[in-house]
Amino acid sequence: MKLTRRKLATVLASATALAAQQPAPTPAATDDLKAARDRLQANARALATTPIPMATEPAFQFKS
Amino acid sequence: MASIGTDTFFAPLSDLNASLKAREFSAENLARAFAERLQQLGPRYNALALPLPAEALRQAREVDKDLKRERFRGPLQGIPYGVKDLLAFAGQPTTWGAKPYAGQVFDYTATVIQKLSAVGAVLAGKLSMVELAGGGGYRFPSASLTGPGLNPWDRTRWSGGSSSGSAAAVAAGLVAFAIGSETSGSIVTPASFCGVTALRPTYGLVSRHGAMALSWTLDKLGPFARSAEDCGIILQTIAGKDSKDPGSAGRSFYYTPQYARPMKDLRVGYAPADFAEWVEPATRPAFETAIGVLKASGLQLVETKLPDFPYGAALSTILAAEMGSIFEPLIASGKVDELADKPQIAGLKASLELPAKDYLKAMRLRRLMQEEISRLFGTVDVLVAPGRAGIASKIDQPLDRGGGGGAPPKDPGFRSIIPMGNLAGLPALVLPCGFAENMPVALQVVGAPFSENTLLAIGREFQSHTDWHKRRPPGV
């Protein structure tokens, strides 16, 4: 099939229209994501307030 | 044969078992009665995820055959119960309370269900839950495949999460007991809001094989029941070593109330500010009375402070890191967007961005916390605090309402006891202790790892002087 410039323009316009129909993140979703990231960063700041001795290893086991 | 009346649905395990042994009613009739009630009333509270009436009747008929031959398998034989819908039951849907997993079916059964089946307990159905047990941080009670958990005491209020259906079903007498889970508050909160007794066991005491993983180092399974006594009986059955659970502590639990230490020998740490300032004013009279009951039992209440650490931040960081890893395929596939709660979706997505250094810092701090908490239990035997600071919230109310932003309290008391207890893997017993605005309030008693018998002894003592745990919601 021969692709004329007019047909090519139509195809490209359709693709652009389809892309425009893809759900973009809503402002609310963006706000929620920012809030979630902010919480992670606030937690990191809170953790930084307690000094940890170098020899302290992560706790992966519990004993009575 | 005796008829199965409303009282039967609220009877303690020992009474139900005695009636079955005495052939006052058959296990099949008991299972049918509970199964019908669960199917009829479960949806009223959005508590039912999956009824299993055929399976329940099949198991109950086996129990009747055993009873006829006097093959007694213990106090749970023939007792109908339910499980939170994060436990696998072979061949049946296990939704984890979330739309992306609505069609999920496993070909194996969770160890806890296997253990209960082995002693003749009858699984009547699977119970609703907050989607993914709340992983990501939900903002509304509606964050569930089955809708918001409605509280049997007032259906305009939340039943609590994430073990919403487990608490509501026990409160409304739809099952004799239920199994729920806690990563951070998911047993303590719904038990407190619904006025039922519940036990969060020591980390590793109960196998999590077949349970949805949310956080490998925090997840625990435990019972919701009518009394501390019943919790002890159930825990004895479901506890124990399991090679299929890498977190298994390799220990059994034997419920031994006969060896309980005298109440007068026990030192109970508490923070007066919790009961005088932190809790909502309407709940204070109930808590004051409850503290009075503890003192009258001979327990030595001593003012105590928790070691000063950022418990909430550490727990949130650990949970975010582990759940991010667990649910990465869900997030990467985009199916995470099918969840009901938008802030929860965002929380899951953001969890993938957590730096490894933050996770390790939290886990190193956790080590320091455990050491300090271990020292604390050298000075007191248990800690007591409000289960929750207030009564169950309205179902349309955001759960983060009023949280944060204000000046820190002068005396933090035990406000961090839920993240602290979960970070250190400590057991907790929830004891209904009164009402405010016609809604239940509860105490939580927290002990050192593997001190469940001490907690249960205190619970038995408390419940021998009170009847809050026997109260029934209106209209059931």
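## Aromatic cluster and ring pairs

In this predicted model, five aromatic residues of chain B form one cluster: W96(B), Y101(B), F106(B), Y108(B) and F327(B). One of its members, W96(B), is found in the loop between β2 (80–84) and α5 (111–118) of chain B. W96(B) is buried, with a relative accessible area of 13%. Its backbone has a positive phi of about 55 degrees, although W96(B) is not a glycine.

Over all chains, the count of aromatic pairs comes to 13. In Y138(B) and W158(B) the ring centres are 6.0 Å apart and the planes stand at 70 degrees; an angle over 60 degrees counts as edge-to-face, so this pair is edge-to-face. Y138(B) lies in the loop between β3 (122–127) and β4 (150–151) of chain B, and W158(B) in strand β5 (residues 154–158) of chain B, so the pair ties together parts that are 20 residues apart in sequence. Both Y138(B) and W158(B) are buried.

A further pair is made by F435(B) and W468(B), with centres 5.9 Å apart and planes at 55 degrees, so the pair is tilted. F435(B) belongs to strand β12 (residues 428–436) of chain B, while W468(B) lies in the segment after α16 (452–465) of chain B, so parts that are 33 residues apart in sequence are tied together by the pair. F435(B) is partly exposed, with a relative accessible area of 25%. W468(B) counts as partly exposed at 22% relative accessibility, because the buried class is kept for values under 20%.

## Charges over rings

Two side chains of chain B place a charge over an aromatic ring. The charged end of R251(B) sits over the ring of F450(B), 3.9 Å from the ring centre. K21(B) lies over the face of F72(B), at 4.9 Å from the ring centre.

K21(B) falls within the residue range of helix α2 (residues 13–21) of chain B, where S19(B) is also found. S19(B) counts as buried, with 12% relative accessibility. Apart from neighbours within four places in sequence, S19(B) is in contact with E24(B) and F25(B).

## Helix packing around α14 of chain B

Two packed helices are described by the angle between their axes and the distance between the axes. Within chain B, the axes of helix α11 (residues 311–326) and helix α14 (residues 356–376) come within 9 Å and cross at roughly 135 degrees. α11(B) and α14(B) are therefore oblique to each other, and their crossing is left-handed. From α11(B), the contact is made by Y311(B), A314(B), T317(B), I318(B), A321(B) and E322(B). The α14(B) side of the contact consists of D358(B), Y359(B), A362(B), M363(B), R366(B), M369(B) and I373(B).

α14(B) also packs against a helix of chain A. The axes of α2 (residues 27–48) of chain A and α14(B) come within 10 Å and cross at roughly 45 degrees. That angle makes α2(A) oblique to α14(B). α2(A) passes α14(B) in a left-handed crossing. The contact is made by A44(A), L47(A) and A48(A) of α2(A) and by D358(B), K361(B), A362(B) and L365(B) of α14(B). D358(B) and A362(B) take part in the contact with α11(B) and also in the contact with α2(A).

Most residues other than glycine have a negative phi, and most peptide bonds are trans. L132(B) has a positive phi, near 50 degrees, in a residue other than glycine. L132(B) is found in the loop between β3 and β4 of chain B, and at 0% relative accessibility L132(B) counts as buried. The peptide bond from G161(B) to S162(B) is cis, with omega near 10 degrees. S162(B) lies in the loop between β5 and α6 (164–171) of chain B.

How many residues of α6(B) are buried? The count is 8 of the 8, so α6(B) is largely enclosed by the rest of the structure. The buried residues are S164(B), G165(B), S166(B), A167(B), A168(B), A169(B), V170(B) and A171(B). After α6(B) comes G173(B), whose phi is positive, near 70 degrees.

Notes. Residues are numbered from 1 along each chain as its sequence is written. Chains are lettered from A and ligands numbered from 1 in the order in which they are written. This is a predicted model: local features need pLDDT of at least 70, side-chain atom pairs count only at pLDDT 80 or more; totals for chains, interfaces and linings use all residues. Side-chain values use heavy atoms; hydrogens and water are left out. Rings of Phe, Tyr and Trp (its six-membered ring) pair if their centres lie within 6.5 Å; planes under 30 degrees apart count as stacked, over 60 as edge-to-face and the rest as tilted. Helices (H or I, at least four residues) and strands (E, at least two) are DSSP runs, numbered from the N terminus. Buried means under 20% relative accessible area, exposed over 50%, partly exposed in between (1.4 Å probe, protein chains only). A charge sits over a ring if NZ of Lys or CZ of Arg is within 6 Å of the ring centre and within 35 degrees of the ring normal. Axes are lines fitted to C-alpha atoms, for helices over the stretch in contact, and angles run from 0 to 180 degrees between N-to-C directions. Angles under 35 degrees count as roughly parallel, over 145 as roughly antiparallel, 65 to 115 as roughly perpendicular and the rest as oblique. A crossing is left-handed if the near helix is turned anticlockwise from the far one by less than a right angle, and right-handed if clockwise. Contact means heavy atoms within 4.5 Å.
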